[in-house]
Amino acid sequence: MKTIAGFRMEETLVTKEQWDAVALWAKEHGYPDLSRGKNAGRQPVGNVTWYDALKFCNAASELAGLAPVYLLPDGGVYRTGLCDEPTVRPAAAGNGYRLPTSSEWETACRAGTKTQYYWGDSLDRNYCWFTEGGSKDLTVHEVASLKPNGYGLYDMSGNACEWCVDSVGNGCLRILRGGSVGLDSVVTSAFEAYAGPDYFCYETSLRPVTDGPDAPDLQELAKRSGHFGERQEYVLPILPTDDRSVALRLVRALGVTEAAKKIRALADAGKYTEALEAYRARFIEVFRKRTGGRASCGFNREAKKISLPSPDPFDGNFLWYEDKDSHTSLTPSNGAAAYYVNKDEASRRWCIELIGAAIRRKEEYDGMSDEMLNCGGATPNAWDWNMGFFAPFWGCNMIDALEILCEGGLLETIPASLVARASLFVMHDVAYTGIKDCRLNVPNQKTLTLRRLYAMGAAHPDFHLHGFIKEYVRDLLCAHFGRVIYPDGTCMEQSFNYNGNVIVDFLTVRANFPEIPLPKEAEKRVSWLTRTLDTVSPPVADFPAIGTCGFVPPPDLRDPEVRRAFREGLLYARVHYDVLKFHPHPKPEELAPLDIPDRWKDYERILRCANGDMSDPPRFTSVYYPYGSFAVLREGFDWDDAYLFFYSPRKGSGHAAENINDLFFIDYGRPFLVNAGGGAYGVKDWLPEDQRPYLAQLEANQHSSFGRNVVLVDGTSQSRLRLGDSCVFDQYPTTADNRYYDGEKFLYVEGSYADGWYAGDDVRHRREIFWHKGAGVYFILDSLTGEKEHTYTQNWNFMPHAHEIDGYLLGMPGTEMTWGFENDEVVTDEAESCIRTVQKDAPNLFLYQFSTYPLTYTRNYGDLDPARGWFSASLPGRRYPLPLIHTNWTAPAGTSSVLTVMAASPTEVSRVAAAEKYQSGAVSGCDITTADGQKIVFRFAPEAADIAAPDGASRRARVLLWQDGDGVLMGGCSGDRILAGGREAEPIRAPRGFSWEEKDGYCYPSYTY
């Protein structure tokens, strides 16, 4: 043990072998119900509740011949049962083992440091075991296998979390410190989590302290026990199902409301069945008072249909059954046998299936072996119960099912013990998990988890945890909305297809939980984010998918049915109006309390543009967002306007954690270049069954950049961020260090990537985009600088062809992807250095490429080993073959560049009539003639050189853009200045500030430098 200020602390977490030795001795000396623990050997013991931790300390004290610290109210030693407020023996009389206070623990952890971690301000695997972004390797590791802190204490951060003695939340929760291998990378010295005293998980452990000099180290004590080396095998705990056990567990969880007192009185009198029936009656009373609009499913008596939540919330489906002949064919999605029953019986049986599935899933998780946890192949996956994000899905699905039964008058038919078990499951396993871990989630997950936590608490007002949840959620929501959204409207969640959830959850909280006061600052920031999403979004459907969540194609506005649905208000932009998922979309005026009327003005203009009325288009088009580090380059908001989404580097957590230079291109209402969609995070049961055999091959590229429009080095992708970031977000203190220029004739945006690849770490990548506004042509210049010869590869992912994507836009017209490309519809012409699409009945895309170095082309289309050329609309969705074209070149040390001229056309005829290569020494480029006769010249060099323009004049520049009739549009890009339009050099520094300015009813982006 190590001596700290006023106490002594174990050097390591209690190991499983130490726990077994003491626990076996304890069971011979009056400790009948001490947990068997979990894990093995020198790994930290797991599955330890707070009650177990106290009893273990007492047992260890008695084994050492010391006075136990924790006593029962009657003065006896606490050896069995549940004691929430034990009497603590004074240290002078005790001097046995005890749990540290949270303050003592932090003092010991910091070891005199004031940095974020006890070793510094950046994550370091030499000191700490932690996971990264969805890793399935959640196995705890042997103690003392990494470096200690300054006091000689090991694993104070990461590996397994440690119980402290303190109570919070009116005594209903306890504090866990240190983080764990399962809590992602949030392992700072200041971090604390909360859970109920009877919560346990494979990484809930302890590290005892003592106030006196007599307590031996636990390793020595374990050897004294006579049982050292004997192992207690973990046995899956079976939750009690008899009325007595369920009733006793229920009354312990209930608070001090009048209803709870009546239920407790029945249990105290031994009337356990009556107590459970009284709880069911109270539950029905609460649900009948609840306002509508909270359940995601229900009865539709006019249509004679019922909808019920799936037993597996991961699939996101809500199942509908039509009562045509008073009988319903009911087939659970988990493969259980079909039920042929009337709708009342169907709903009752389905609810039992749902509740049973949820409870079984938790029991399975508690019983998972180390091997199962490590391989990630067992169900449930570890995110479900350790990351605090998916677990609330179970709770809310269960509440929905119970609410449906209540609405249909069927809740009385469910066994009272099952109703109580469902409530205990929601308010114990689910709520504790969410409370313990939800702050670790990225922003969209956090708002969703908090919203669901509050819904669970509101449905169970008699539980002791109810009051704490209300305060906890309110405080975190207020802080969360106020700190994760920047003034430019960007959010720290790097997956842009998730940011709409922040708005949805905010509006849901406003609509359903008016008692939660959300400050004006939070409302203002949400309006900023909404403004940004209006700018980013196409006129309909969703904004571009960046990350691995999903993809929503634009509805085909050439389809009369789609246009009719849009005009009649049946089809809205999903990101804005899906306030309550699977419920009718509210009209803008119904959301007026948000007090952001300017947003609705702009959105109304977008609606008109989407319907072909361009008389009053939005006044903002191309925007660069300095904090979010992305740019939207677009002609306007009509469905056929050119639109390029450029995601430049910005360190941050989320599903797009690679530092990327990604392109997403839409024209004529059609996505051309796309992100290749999401992996499945190793969860086999998310994928369609016929695709599971090659899941491992698909997942091998999950977090590489093969699925993005980026550049590879020596066949390897850009590295994921390894250090310095965590899911506990703080605002970025500065804007992204990228450059931006918006001129009369063209727009310029730049993003760099220099954080290394999985190979070739010396390489730096700069992507520059020049948008010629008049011609509607994009010039994309990729420059790679390395210290040795490398082979470089551009990825160009083309939208796959005509595969239906279910589940988006509520089945309205236009939910099928009616366009896309088969493999033979994307062709390469190596002689002309050109990639183009060749569809006769749809718009096409043309890429002309120019470089000093010879360019070659390769392709993948649904390949395996390696798995490349695949597209998935969402995490659990089917994978479709995708035409993936590689542009390859080899360059020596120094800087090499490839210029891509990109243009889209509504026909097979390109906007570019002619594209001729230019090469003179180190200066490369092209001469472009557009279909309407414009002549444009683009020249580039590895570094500033004398570049001759067609007018005969030579300018010192790295890049020169020239147009016949206008002369030099741009010449320079050397250092931080640009010569544009023949004027004096202007700065193109990265913007350092951003704001929205209102003028004439419009909102304009404004930058400061």
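Is the crossing of helices H5 and H7 left-handed or right-handed? In this predicted model, the crossing of H5 and H7 is left-handed. Helix H5 comprises residues 243-253 and helix H7 residues 272-289, and the two pack with their axes 8 Å apart at an angle of about 55°, which makes H5 oblique to H7. On the side of H5, the contact is made by Asp243, Arg244, Val246, Ala247, Leu248 and Leu250, while H7 contributes Tyr272, Thr273, Leu276 and Tyr279. When the residues of this contact are sorted by class, seven are nonpolar, one is polar and two are charged.

A second pair of packed helices involves H1, which spans residues 16-27, and H2, which spans residues 50-63. The axes of H1 and H2 are 10 Å apart and meet at an angle of about 75°; because angles of 65 to 115 degrees count as roughly perpendicular, H1 and H2 are described as roughly perpendicular to each other. The residues of H1 that make the contact are Gln18, Trp19, Val22, Trp25 and Ala26, and those of H2 are Asp52, Phe56, Ala59, Ala60, Glu62 and Leu63. By class, the contact of H1 with H2 is made up of eight nonpolar, one polar and two charged residues.

The side chain of serine 61 reaches the backbone oxygen of cysteine 57 at a distance of 2.9 Å. When residues up to four places away in sequence are left out of the count, serine 61 touches Leu66, Ala67, Pro68, Gly96 and Tyr97.

With regard to the protein as a whole, the model holds 20 helices and 43 strands, and buried residues account for 62% of its 1009 residues. Of the contacts between residues at least 6 apart in sequence, 67% join residues that are at least 24 apart.

Key
Residues numbered from 1 in each chain as written. Predicted model: local features only at pLDDT ≥ 70, side-chain atom pairs only at ≥ 80, totals over all residues. Heavy atoms only, no water. Axes fitted to C-alpha atoms, helices over the stretch in contact; angles between N-to-C directions. Helix = DSSP H or I, 4+ residues; strand = E, 2+ residues; numbered from the N terminus. Parallel < 35°, antiparallel > 145°, perpendicular 65-115°, else oblique. Contact = heavy atoms within 4.5 Å. Nonpolar A, V, L, I, M, F, W, Y, C, P; charged D, E, K, R; others polar. Polar contact = N/O pair within 3.5 Å; in protein donor to acceptor, adjacent residues only side chain to side chain. Left-handed = near helix turned anticlockwise from the far one by under 90°. Buried < 20%, exposed > 50% of the residue type's maximum accessible area, 1.4 Å probe, protein only.
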